[in-house]
Structures are given as C-alpha cells and as structure tokens.
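Work through these exercises with the model open. Each task is followed by a stepwise solution.

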Amino acid sequence: RVALAYSRQLVELSAQLPKVRGRSVLVHSLIHAHKLLDRLTVLSDLKPLPESALLGFHSEAYLSALKRVSSADLEADELDSDLLEFGFAYDCPPVRGAFDIASLVAGATVAAAEALSAGQFDVAINWTGGWHHAKRDEASGFCYINDIVYGVLELKKRYDRVMYIDLDLHHGDGVEEAFYYSAGILTVSFHYRADGFFPGSGDSDDIGAGPGRFASVNVPLKEGVSDAQFAASFAAVIDAAFEAFDPGAVVCQCGADALATDEFKIFNLTLTGYLDCVKLLLQSRRPLLLLGGGGYHFPSTAKLWTAITALAVGVDLDKDIPEHSFFSQYGPDFCLDVTPSLKRNLNDSTELRLLVESAVENLKRLAEALQLR
C-alpha cells in the first residue's frame, strides 16, 4: 500500500525554486510515463501547512522574514541587514513566492505522514520534499522551510520512536539540530565530509546531547564511495539502529546528489546503491516516509526516484526510458541505468569498518540509555 503526494499545483510550484527549477516536473513525468501512478494511491488534496503549524519548528521572526522576501522581486544585495541575518543570500536568495511554495511542500510531507499514521499505507512518498538544511531561524542550503521536521513531528504523534535517515551527499544538519536533544527521535546521516564542504558538520563524534545523547549517528564518507561500500555500511548501521531503537516509523531522505552522474561528482553511486538501502527499509515492514532532497543532474534524479517508487510498489521497470514529453533529456542511451565513473575511491576499507563499528557501538549505548529511562 503506497501513497504519493502529487498534484499539478505541487509539482509546478516546487519546480519554480531556483536551484531545482523544472526538476519536479521531470521526475513526476517519468513516474507517469512508467505507469506507476496506476499502482499507487495519489494524495492530491494537498494544502500549505498553516502558519500555526509552521510555528511548531520555525520561529515567528523567521517566518515573518521569509514572507517579506517572498512578496517582492528583490536581489540579495537589496536586503536589509535584519533579513540577511536569516540566511536570505548566497544559496538561499530572495525568491518571489518562496513562502507559499515551501509551505505547500511542507503540507504535502505532513499529508504523507498523516496517511502513514492513520494506518492507511505502508509507504508514503513526497519527492518534492526533503529540505533538510533549514534551521529554526535560518534558511540554508537552498532550503527555506524544513518539511522533514514537520513530517517527523507528525509521525511522533502516533509513534513513540521515529528514525530519520539521510542519504543525501550533504549532512542532514537541520534535522539533526532540531532533534539533537531528543531521545525519541534517532537521526542517522550518511554523507560526504571534508573541510570547506557544506554544511561543515556531521563528524562521527557528533552523537547528540542531553536526553538525546547517542540518538544522533553520523557516518561521514570520503570521495568515490562505491555502491557496495555504501550499502554495506548502511546495512550494518541500520540493522543496529533497528535493534537498539526499535522505531515505530521511519523517514528516509533520498537526496540524489550522491549519484556518480550528479554535478558534484563526489560519490560514485548508481541506482543500485540507493535501491539496496531502501529495500532494507521496506523489508523492515515499518511505516516508511520517503522524501526527495538534493539531486542536480535532473534526469539522473528522475531515474532514481522513479526506480525507488517502482521498488515500493513492487514493479520491475523496463530499462528503456518510455517515450514522453521529456524523452530527449535522457540521451544518448535513453536507459534507466546510471553508470559509475572512474573516480578514485578514497575510502579505506579498514577506516570504513572502524567508522561503522563506532556507530554501532554508540547505538548499543543508546539502547542501554533507553532502558535506564
């Protein structure tokens, strides 16, 4: 039983955000071309998350500032200093309508979470969601409203424990920060970590604090990580997380910028690496919320999220891209595969094993701490 948050308004509005302009149209067109909409339930009655609900995470001052930069055509150098304090420059420039777009995306993520909590579906998807960098008082990393936090909070109403997993190339800092002191929400992030690389966080010794000590897990990887390494590390950590934390529901951000073909060209993953991870989550038979995120080579992102959708509904996709409005963007091979590059792999097997073992050990400590409470 799979649900997809999908409406023409959601797809067209989310396609207006500058860094991902047009991406959501490409993604959902490929899902439609593969006839996957016939195999799932479409959640189409989607509404913006009201400001009263947005105040459950973002501050009133921040939301007010976001509305101001969304209501006029402004350039970053035209902003007052008080607006610059909220991060509206560089990677989060003023965008007309940003508040409306981001609050609709957040509403779609919450609608998907509500459908899971009601027991109507086993999997719910919002590929326009996954904006994991936005902070309580700050826009960051192309993210204006952190829809993931609201999705987690919605699931938390029903489930005592919720696990959040981040597969994006970048550390899921906004979500981790939101729940850094929470014992009932486990955040796990697999990401690239190097000096000077955004967002500059997510070291393996960032493990949470206070009641949330050991409830933040970070697995920082180096350039060129392969499908096999990524999937094996994921399996070891997530198996330990299921045993230690026993979440009632799982949220997974499936940022596609770790693909070998993404414009960052840092990790060397293909669809296989991601699909092996999602397959493990599906096999756990826990309510699963799947979200989008990064992904800046749009045809590759569309391939990945279509393939994950097909996996969720149990369909084996034809490797040939079906003819549809955006068929030409999948040339020259017009196939669903993503080919790995010849990039050098800097992930030493011994270092990676020790990194995973450290994460697993911290999860054992989390289990002990939860038993003591």
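**Exercise 1.** Describe how helix H2 and helix H11 pack.

*Solution.* Step 1: take the axes. H2 (residues 23-33) and H11 (residues 298-313) meet at about 45°, and their axes lie 9 Å apart. Helices and strands here are DSSP runs, numbered from the N terminus (helices: H or I, at least four residues; strands: E, at least two). Axes are lines fitted to C-alpha atoms, for helices over the stretch in contact; angles run from 0 to 180 degrees between N-to-C directions.
Step 1: classify. The angle makes H2 oblique to H11. Angles under 35 degrees count as roughly parallel, over 145 as roughly antiparallel, 65 to 115 as roughly perpendicular and the rest as oblique.
Step 2: find the handedness. H2 passes H11 in a right-handed crossing, with the near helix turned clockwise from the far one by less than a right angle.
Step 3: list the contact (heavy atoms within 4.5 Å). H2 contributes Arg23, Leu26, Val27, Leu30 and Ile31; residues of H11 include Phe298, Trp305 and Thr309. By class, the contact has eight nonpolar, three polar and two charged residues. Ala, Val, Leu, Ile, Met, Phe, Trp, Tyr, Cys and Pro count as nonpolar, Asp, Glu, Lys and Arg as charged, and the others, Gly among them, as polar.

The model is predicted: local features need pLDDT of at least 70, side-chain atom pairs count only at pLDDT 80 or more, and totals for chains, interfaces and linings use all residues. Residues are numbered from 1 along each chain as its sequence is written, and side-chain values use heavy atoms, leaving out hydrogens and water.

**Exercise 2.** Repeat the analysis for helix H10 and H11.

*Solution.* Step 1: H10 (residues 271-283) packs on H11 at about 30°, with axes 10 Å apart. That makes H10 roughly parallel to H11.
Step 1: the crossing is right-handed.
Step 2: Leu271, Tyr274 and Leu275 are among the H10 residues in the contact, and Lys303, Leu304 and Ala307 are among those of H11. The class count is 10 nonpolar, no polar and two charged residues.

**Exercise 3.** In what order do the eight strands form the sheet?

*Solution.* Step 1: the order is S2-S1-S3-S8-S7-S4-S5-S6, in an open sheet with parallel pairing. Two strands pair if DSSP finds at least two bridges between them.
Step 1: S2 (41-43) and S6 (216-221) are the edges, each pairing on one side only.
Step 2: inspect one pair. S5 (residues 185-192) and S6 share six bridges; Tyr192 has Leu221 of S6 as bridge partner.
Step 3: H9 (residues 227-245) lies across S4, S5, S6 and S7, at about 170° to S5.
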